[in-house]
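My entries follow the structure.

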Amino acid sequence: MSKSLAGFPLVSESEPAAPAFVGRPRQRARGLANGLVEDLGEKIRNQELRPGDKLPTETVVMQAYGVSRTVVREALSKLQAAGLVETRHGVGTFVLPPRSVGMFRLDPVDAAASVDVLAVLELRISLETESAGLAALRRTPDDLAVMRGALDDFERNRSASEDTVSPDFRFHLQIARATGNPYFADIMTHLGTTIIPRTRIHAIRAQDRSGEYLGRVNREHDEIYAAIARGDPESARAAMRIHLTNSRERLRVAQEAARKAAGSASPATDDPAAPAAGGAGPTSSP
């Protein structure tokens with residue numbers, strides 16, 4: 001057996017892993033996922049897993065904690081949403097450097113809009129995951145050129161603090177067009193740029209002064225593009241699902257934080273308007 005990393009047995013896929021960790025016994029898969037998030041998050045915060053470290057494979061984590069692949073993937077999605085790790089499809093999942101401040105905090109207006117944004121993201125996960133797979137099989141050199149141009153424009157505009165919504169939408173729309181099925185593109189065109197969460201959620205635009213959120217978004221875009229460009233439909237589906245699931249999870253966590261902030265507002269305040277002016281509760285990253 002190889003040397004362990006922060007308690008994980010680094011073994012080959014065929015070699016049984018020693019149970020370095022035991023998942024907390026829960027009745028529901030979501031409880032198991034949350035337990036795994038708590039344990040891995042603690043290891044990252046305690047520097048047992050350091051920035052740049054690669055997490056063990058899904059199989060090793062499954063064996064070490066005694067949980068299913070679904071549980072591991074849900075936990076990784078939550079850790080990505082919290083900004084603790086980043087998955088590079090086909091390479092692995094890596095620990096990210098700690099951020100000094102949170103990027104995303106919902107105010108009451110954003111909290112209301114976010115309900116609809118979450119519903120659209122659920123639709124997009126179903127629609128765009130499959131469109132990415134079909135695009136990988138059917139894309140033309142012209143399709144790839146448009147996608148690459150959109151990503152280059154996104155990065156250029158991000159660096160210059162200019163519009164990133166248009167190139168973001170152009171990238172996703174071109175993937176739909178590359179399927180060769182006009183109905184994918186028709187649905188995307190009908191939804192328009194409102195499918196991009198930051199067009200509806202002011203907090204994302206107002207609080208992402210460092211560009212960290214947008215940088216992460218475009219790294220996820222690059223993973224999707226790379227899979228489509230090499231004609232790998234399964235990797236393209238996986239990369240698109242990771243991208244959209246991360247967006248959904250970041251928004252869900254922000255909603256939860258906003259609800260807690262509203263619920264903890266003191267009713268005894270001298271200013272009756274204070275609770276409604278909240279939205280300054282715990283921060284979370286989208």
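**Entry 1: the chain as a whole**

I began with contacts, where contact means heavy atoms within 4.5 Å. Among contacts in the protein chain between residues at least 6 apart in sequence, 72% join residues at least 24 apart.

I noted the ground rules next. This is a predicted model, in which local features need pLDDT of at least 70, side-chain atom pairs count only at pLDDT 80 or more, and totals for chains, interfaces and linings use all residues. Residues are numbered from 1 along each chain as its sequence is written, and side-chain values use heavy atoms, with hydrogens and water left out.

I then listed the elements, taken as DSSP runs numbered from the N terminus (helices are H or I, at least four residues; strands are E, at least two). The protein chain has 10 helices and 2 strands. From the N terminus on, the order is α-α-α-β-β-α-α-α-α-α-α-α.

For burial I used relative accessible area with a 1.4 Å probe, protein chains only (buried under 20%, exposed over 50%, partly exposed in between). Of the 286 residues in the protein chain, 47% are buried. The accessible surface, by the Shrake-Rupley method with a 1.4 Å probe, comes to about 14,000 Å², and 54% of that belongs to carbon and sulfur atoms.

**Entry 2: α5 against α6**

I looked up how helix α5 (residues 141–159) and helix α6 (residues 165–178) lie. Their axes come within 8 Å and cross at roughly 165°. Axes here are lines fitted to C-alpha atoms, for helices over the stretch in contact, with angles from 0 to 180 degrees between N-to-C directions. Angles under 35 degrees count as roughly parallel, over 145 as roughly antiparallel, 65 to 115 as roughly perpendicular and the rest as oblique. α5 and α6 are therefore roughly antiparallel.

On the α5 side, the residues in contact include Val146, Met147, Leu151 and Phe154; those of α6 include Phe171, Gln174 and Ile175. The residues of this contact divide into 9 nonpolar, 3 polar and 4 charged. In that count Ala, Val, Leu, Ile, Met, Phe, Trp, Tyr, Cys and Pro are nonpolar, Asp, Glu, Lys and Arg are charged, and the others, Gly among them, are polar.

**Entry 3: α6 against α7**

Helix α7 (residues 182–191) packs with α6 at an angle of about 155°, the axes being 7 Å apart. That makes α6 roughly antiparallel to α7. Phe169, His172, Leu173, Ala176 and Arg177 in α6 meet Phe184, Ala185, Met188 and Thr189 in α7. By class I have 6 nonpolar, 2 polar and 1 charged residues for the contact of α6 with α7.

**Entry 4: two positive phi values**

Which loop holds Ser161? Ser161 is in the loop between α5 and α6. Its phi is positive, about 55°, although Ser161 is not a glycine. Ser161 is exposed, at a relative accessible area of 70%.

Gln47, also not a glycine, has a positive phi near 70°. I found Gln47 in the loop between α1 (29–45) and α2 (58–65). Gln47 is partly exposed, with a relative accessible area of 32%.

**Entry 5: Asp222**

Asp222 is in helix α9 (residues 212–229) and is partly exposed, with a relative accessible area of 31%. Leaving aside neighbours within four places in sequence, Asp222 is in contact with Arg148 and Leu151. I also noted Arg88, which is 134 residues from Asp222 in sequence and 9.6 Å away in space, C-alpha to C-alpha.
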